[in-house]
Structure formats: structure tokens, C-alpha cells
Amino acid sequence: DGVAFYVSEANPVKQLTVEQLKKIYLGDVTNWKQVGGNDAPIVLYSRENSSGTYVFVKEEVLGNEDFTASAQTLPGTAAVVNAVAKEKNGIGYGGAAYAKGVKELEIVGKDGQAYRPTAENVKAGKYPLSRNLFMYTRGKPAGEAKQFMDFCLSPAGQAIVTQVGYFPIK
């Protein structure tokens, strides 16, 4: 998965660095003008702290620092996308699969190039906010659990993964 940062389609900002995202979500950068956008306050949206995506952003973007208190916490990625789509000065984040009606920002990688969270960039390790998603079982899967895991890894299962916007592993 690539953790995408979304803005309004009308927002002129096309790319940010991880450091800029950190400053935005820590509350050090509060106006789009500070990162090349319009002179307007940044409206922050975040996932709830029980979300794996929230934890990933806190660790990988914020360096385990706390989100600014001004970030509005929403109960799912779809809610974040919906809020950003309606708020021209908003920014939010979530899985790349959910970016409908919003613009995904390009994120600058370690090589200085900006990348979108596409399957190609995530698989190649170019997109800097890539992560693996896992399924766990208690012990070696057997019975229905094994059948389910086998289906998930099958061509039919991976087709569903692709259809819903995630990136297949095969």
C-alpha cells in the first residue's frame, strides 16, 4: 500500500516532502503559502489513533511526535477523503485506494524526485510512504482459514485486490 496525502483538486500544491508533511501535521506550517500554495490556512484531517494508517504516519512522517491538536480526527479514510473533497484548504491521508474526488500529492523521495503512490512506484520502492499490509493467523493456517488465505493469494483474490484499488502482490 502507499499511504497517500490528499488535497482538494483545486489546490495548486502538487508535491510535498516528508519534512513538509511533518511540519504541517505538527502545526509548525499552518498556511498553504508556506509550502507554495495559496495564502490560506491549512485545514488538517487525520485518522483515529486506533488506525494502522495513523500509526504509520505518526512513526514514518512525524518521527513518533504527536499530531497537532488542530488536526480533526475522522473515523475512516472514506470520511477523510469526503472532508478533503469538500474543504478547498484541507489535507488528509489514507490508503491510495481511497483517493476519489481528491488530488493525491506527489511525495519527494530520498532521490529528490517526486512520486505518486502508484502500484509501479510502491513496488519499486520509489514512493517514500509505502508499507506492506499483512494478514496474521494464530499458528499455521488450516481448514477454512487456509482456504481463505489461499483464495486471497490466488489470481481471483488478487484481481479483487486490484479492483478495489490496492496493489497486488503477484
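This is a predicted model: local features need pLDDT of at least 70, side-chain atom pairs count only at pLDDT 80 or more; totals for chains, interfaces and linings use all residues.

Trainee: What is the volume of the largest pocket?
Mentor: On a 1 Å grid over the protein atoms alone, a pocket is an open set of points where a 1.4 Å probe fits, with protein on both sides within 12 Å along at least five of seven lines; lining residues have an atom within 4 Å of a point. Points are joined across faces, edges and corners, and a volume is the space filled by probe spheres set on them. Here the lining has 22 residues, with Leu133, Gln158, Val161, Phe167 and Ile169 nearest the centre. The volume is about 650 Å³.

Trainee: Which helix gives the largest share of that lining?
Mentor: Helices (H or I, at least four residues) and strands (E, at least two) are DSSP runs numbered from the N terminus. At least two lining residues come from each of α4 (119–123), α5 (143–153) and α6 (155–163). The largest share, five residues, belongs to α5.

Trainee: What is the strand order in the open sheet of five strands?
Mentor: Two strands pair if DSSP finds at least two bridges between them. β1 and β5 run antiparallel with five bridges, and Phe5 is opposite Tyr93 in β5. β3 (residues 43–47) is parallel to β4 over three bridges and parallel to β5 over two. The pairing is mixed, and the order is β4-β3-β5-β1-β6.

Trainee: How many of the six residues of β5 are buried?
Mentor: Buried means under 20% relative accessible area, exposed over 50%, and partly exposed in between (1.4 Å probe, protein chains only). Helix α1 (residues 18–26) lies across β1 (3–7), β3 and β5. β5 is largely enclosed by the rest of the structure, because the buried count is six of the six.

Trainee: Which are the edge strands of the open sheet of three strands?
Mentor: The order is β2-β7-β8, with mixed pairing. Each edge strand pairs on one side only, and the two are β2 (15–17) and β8 (114–115).

Trainee: Is Asn89 buried or exposed?
Mentor: Asn89 sits in the loop between α3 (77–86) and β5 (90–95). Leaving aside residues up to four places away in sequence, Asn89 touches Trp32, Ala40, Pro41, Ile42 and Val43 (contact: heavy atoms within 4.5 Å). Its relative accessibility is 14%, so Asn89 counts as buried.

Trainee: What is the phi of Asn64?
Mentor: Most residues other than glycine have a negative phi. Asn64 is in the loop between α2 (52–60) and β4 (72–74), and counts as exposed because its relative accessibility is 52%. Although Asn64 is not a glycine, its phi is positive, about 70°.

Key: Residues are numbered from 1 along each chain as its sequence is written. Side-chain values use heavy atoms; hydrogens and water are left out. Axes are lines fitted to C-alpha atoms, for helices over the stretch in contact, and angles run from 0 to 180 degrees between N-to-C directions.
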